[in-house]
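Student: I have a structure open beside its sequence, and I would like to learn how to read its features. Could we take them one at a time, beginning with the way helices pack?

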Amino acid sequence: MKLFVSEGNPHCVKVLAALEVTGVRCEVKLVTHEDKVVPFLNRPVLPVLLLSNGQNLFSPNAICQYLFEVSGKQASDSSSQFLEWEATELQPVLMQALHMVALQGKTSDAGLLLKEPLSWLEQCLSKRSSQFLIADIVEVADVVLWAALYPVLADPGFGVDVGELQLVRGWFKRVGLLPACETASQKVLQGKGLESLKTFLQKQPAPHTQQKDIRSSTDVVETEDQDPVMTEEEIEAAAEAWSKGLPACPDTTQRQHPILPQEGKRNVLVTSALPYVNNVPHLGNIIGCVLSADVFARYGRLRGWNLLYVCGTDEYGTATENKAREEGLTPQEICDKYHAVHSAIYKWFQIDFDYFGRTTTDRQTEISQNIFWRLHEHGFLLEDTVEQLRCENCQRFLADRFVEGVCPHCKFPEARGDQCDKCGRLINAVELKEPQCKVCGQTPVIRTSKHLFLDLPKLEGDLEQWLERSLSLGDWTPNAMHITRSWIRDGLKPRCITRDLRWGTPVPHPDYSNKVFYVWFDAPIGYLSITANYTSEWEKWWKNPQQVELYNFMAKDNVPFHSVVFPCSLLGAQDNYTLVNHLIATEYLNYEDTKFSKSRGVGVFGDMAKDTGIASDVWRFYLLYVRPESQDSAFSWADMAIKNNSELLNNLGNFINRAGMFVSRFFEGCVPEIALQDEDKRLIAQVCWELQHYIQLLDKVRIRDALKCILNISRHGNQYIQVNEPWKKIKGGDNDRQRAGTVTGVSVNVACLLSAMLEPYMPTVSETIRTQLRAPVHTAAMLHAHPRFLCTLTAGHRIGTVSPLFQKLESEQIEALRKRFGGQQVTSNVVKPAAPRATAANGSVSAADPQRAAQLVAAVEEQGGKVRALKAQKAEKSIITAEVAKLLELKKELALAEGKNSEPSAQKGQKK
């Protein structure tokens with residue numbers, strides 16, 4: 001089951017509280033109010049419970065009842081009656097009351113609305129002697145009614161006199177003491193009370209009046225359903241603030257290095273997962289780590305935070321050794337070569353690191369060994385003899401990621417030697433069924449070796465205490481929380497931190513002088529050493545948890561190492577290290593209907609994007625538009641063309657170009673006088689609302705959703721221009737000409753705001769707009785501590801030369817690119833059936849066919865991608881089963897072509 005909820009939605013308090021009370025196992029997905037989780041409904045509806053049979057429940061009360069029933073707690077008749085009353089009588093009145101208070105500030109009217117239903121509830125409680133509504137134990141009705149009334153009764157400013165409702169107050173307090181209710185209200189309302197409901201309520205149609213004797217003192221502004229509900233007071237306030245203009249202030253965008261934490265400032269440290277040096281990053285790697293972090297870092301700088309963004313290449317390990325052997329270079333030469341490749345790719349994508357370093361440095365060795373010795377001194381290391389896989393053909397112990405086989409837990413046929421991509425569980429390579437060396441394809445053998453382990457069970461208590469604080473106070477993505485909690489729930493086990501390799505950070509212990517640190521022990525320490533190579537005062541960032549907020553960006557497969565393993569290393573070192581406050585993990589980005597593959601030429605990799613003729617800002621825009629925030633997404637050439645041509649060219653670019661061209665053509669390049677009318681004020685208020693929403697979303701690292709706010713503003717702007725037709729009014733009388741001037745002046749100021757809002761997403765486009773408008777250097781001050789839309793380009797301001805910002809992507813161009821990056825795929829129906837091969841008595845194949853094996857390797861890889869894509873899309877089980885069968889058959893054919901036995905070997909005895 002999967003439960004979809006959103007922040008600030010009062011109905012979601014009900015279902016989360018019910019989930020916690022019942023203890024039902026269910027994945028929780030955090031989405032936005034606009035997400036249409038149920039495709040056949042006309043409007044977005046939340047919460048939604050997706051059942052295992054594919055059906056949806058989208059009534060909050062029905063979801064709560066279902067969770068209680070699943071847990072074995074059937075609702076009594078009395079409980080069902082309370083639920084019916086809540087849905088038909090209380091809820092309509094309650095929603096109108098919330099609208100009145102949260103959006104219109106009419107607390108007294110709201111109190112009168114609620115007096116009758118609360119008095120009825122008081123009367124019901126007076127007839128009962130139980131602690132709760134029906135009995136002395138909590139039933140579903142208690143949870144539903146408590147959650148429904150929470151925004152009203154928990155907020156002292158609501159205008160409801162709870163003093164007259166002693167029984168209601170007592171019942172409400174008793175239910176609220178349940179940890180489940182406290183947790184649910186905190187998750188949804190974030191401790192902000194009624195303020196947190198505003199965004200949700202603005203998206204809802206205005207409720208109808210429920211009591212005829214209650215009259216509003218002022219009429220609510222009527223808008224379309226998709227627009228926010230705004231009062232006349234709010235519109236006037238926005239227009240008044242706008243008219244005051246942007247005060248002169250110094251340009252704060254220039255950075256002084258080294259950037260160090262400062263007293264009295266918000267000090268933010270941003271890292272993105274270190275890309276492995278021997279791989280050229282593809283689009284999924286870029287959006288999952290460095291690009292997402294770059295958007296947030298740029299945003300933080302616009303807000304005036306004292307922010308440092310560091311990253312670098314992860315350079316140690318067997319993969320580097322193998323790459324060096326392939327290219328006839330030393331490992332260090334390979335690192336130097338590909339570090340430059342990565343740097344060039346990120347520079348083209350305009351990733352604005354404060355420092356981009358690497359892990360093959362003296363500071364890395366020094367800091368890693370220091371943490372190692374501190375763990376050793378505090379008793380958090382264990383010694384044990386372990387079994388490892390060794391490839392006799394390659395004459396080396398195999399790094400975990402150079403072994404592939406069948407997952408021992410979920411039977412996924414392509415699990416790696418350290419982690420299964422399907423079930424997400426960490427595994428030891430020797431646990432794999434039917435293991436294969438990924439370098440040569442041979443079956444490795446098991447050998448023993450003495451190693452050191454990080455004693456995770458001994459650190460589990462400290463880890464859980466820290467996680468409780470970080471998860472409750474920080475902004476962790478739902479997948480990061482889920483993955484981390486599943487690790488804790490399953491129980492931690494000692495984790496090996498040494499490897500029998502040559503290329504790595506040497507273990508300083510004399511008994512292990514021939515070993516290096518396992519890459520997932522010392523790679524995250526790269527964040528520290530990279531910062532230390534940036535500034536000798538690195539400890540002010542990394543040993544300063546009181547003053548520093550740490551944001552980690554990564555794909556979901558890296559979560560356990562950043563939320564469990566690395567924090568345990570730092571906690572065990574007991575040296576006041578800064579631990580992650582906000583862990584931001586994406587899902588996976590696929591390529592069209594398959595996965596990226598450099599060897600098959602499938603997908604766009606970082607070094608190829610610049611050769612497509614498409615600007616890096618357009619790549620940034622599209623990758624951020626489809627950013628896999630809550631579920632896997634896919635890059636599509638056709639969709640990229642559609643988004644470029646509709647959103648960038650026809651919406652955003654069209655509005656900004658029109659606004660600037662009107663100034664140039666009709667007013668000789670100078671912003672005209674502005675005399676605001678009601679329609680102008682309404683647009684200003686709409687833009688202010690979208691700006692506030694943009695800020696709220698980016699503060700929560702909802703990068704994709706915040707981008708939609710920018711597009712909404714330009715959409716409002718285009719509608720505003722289209723309705724007012726300044727190109728016609730400029731030809732009319734004085735009043736019409738003045739009206740054309742006002743519309744043009746307001747529009748060009750909206751364009752100026754958009755230049756600031758676009759900077760995190762499309763920095764070159766942002767700068768181009770500012771240049772064309774000759775915007776003040778302090779334009780970004782509109783986004784500082786108290787963001788608001790202000791008149792920045794006053795009457796008389798002379799703009800520069802205006803030109804189009806975007807170009808159309810033609811269908812012929814897109815089709816050519818799609819074919820170019822589609823690869824030479826060998827599908828399963830192209831591979832001819834193999835002739836039967838004679839086998840020896842022991843089952844071994846008598847001969848191999850290298851040419852056919854090469855064909856089948858590509859076929860297996862593609863079929864595996866197809867299976868993963870179907871699973872990600874949650875296709876029907878019968879379809880998935882059929883494709884898995886094809887995959888297994890191809891693997892058998894591949895084994896025969898490689899001269900190996902296609903049948904699984906007899907199972908060995910279990911290790912004690």
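Tutor: Helix axes here are lines fitted to C-alpha atoms over the stretch in contact, and angles run from 0 to 180 degrees between N-to-C directions; helices (H or I, at least four residues) and strands (E, at least two) are DSSP runs, numbered from the N terminus. This is a predicted model, in which local features need pLDDT of at least 70 and side-chain atom pairs count only at pLDDT 80 or more, while totals for chains, interfaces and linings use all residues. Residues are numbered from 1 along each chain as its sequence is written, and side-chain values use heavy atoms, with hydrogens and water left out.

Student: At what angle do helix α21 and helix α22 pack?

Tutor: Helix α21 (residues 616–625) and helix α22 (residues 637–666) pack at about 105°, and their axes are 10 Å apart. Angles under 35 degrees count as roughly parallel, over 145 as roughly antiparallel, 65 to 115 as roughly perpendicular and the rest as oblique, so α21 is roughly perpendicular to α22. Contact means heavy atoms within 4.5 Å; among the residues that make it are Trp619 and Tyr622 of α21 and Trp637 and Leu648 of α22.

Student: How should I read a nonpolar core, and which residues have the most contacts inside the largest one?

Tutor: A nonpolar core is a set of buried Ala, Val, Leu, Ile, Met, Phe, Trp, Tyr and Cys residues joined through side-chain atoms within 4.5 Å, where buried means under 20% relative accessible area, exposed over 50%, and partly exposed in between (1.4 Å probe, protein chains only). The largest such core here has 183 residues, and those with the most contacts inside it are Ile371, Trp619, Trp637, Tyr694, Tyr761 and Phe789. Helix α10 (residues 283–302) gives the most to this core, with 12 residues. Apart from it lies another core, of 66 residues, including Trp146 and Leu201.

Student: Is Val295 buried or exposed, and what does Val295 touch?

Tutor: Val295, in helix α10, counts as buried because its relative accessibility is 0%. Leaving aside neighbours within four places in sequence, Val295 is in contact with Arg620, Leu624, Ile703, Pro760 and Tyr761. Val295 and Arg620 are 325 residues apart along the chain, yet their C-alpha atoms are separated by 9.6 Å.

Student: How do I read a sheet, and which strands stand at its edges?

Tutor: Strands of a sheet pair through backbone hydrogen bonds, either parallel or antiparallel; two strands are taken to pair if DSSP finds at least two bridges between them. In this model an open sheet of 5 strands has the order β7-β6-β5-β17-β18, with parallel pairing. At the edges stand β7 (355–358) and β18 (582–586), each with a single partner strand, so one side of each is left without a neighbour in the sheet. From one strand to the next the twist averages 20°. Helix α12 (residues 331–348) packs on the sheet, touching β6 (306–313) and β7, and its direction makes about 160° with that of β7.

Student: Which side chain does the side chain of Asn61 meet in a polar contact?

Tutor: A polar contact is a pair of N or O atoms within 3.5 Å; within protein, one must be able to donate a hydrogen and the other to accept it, and residues adjacent in sequence count only if both atoms are side-chain atoms. Asn61, which lies in helix α2 (residues 60–70), makes such a contact through its side chain with the side chain of Glu86, at 2.9 Å. Asn61 is buried, with a relative accessible area of 9%.
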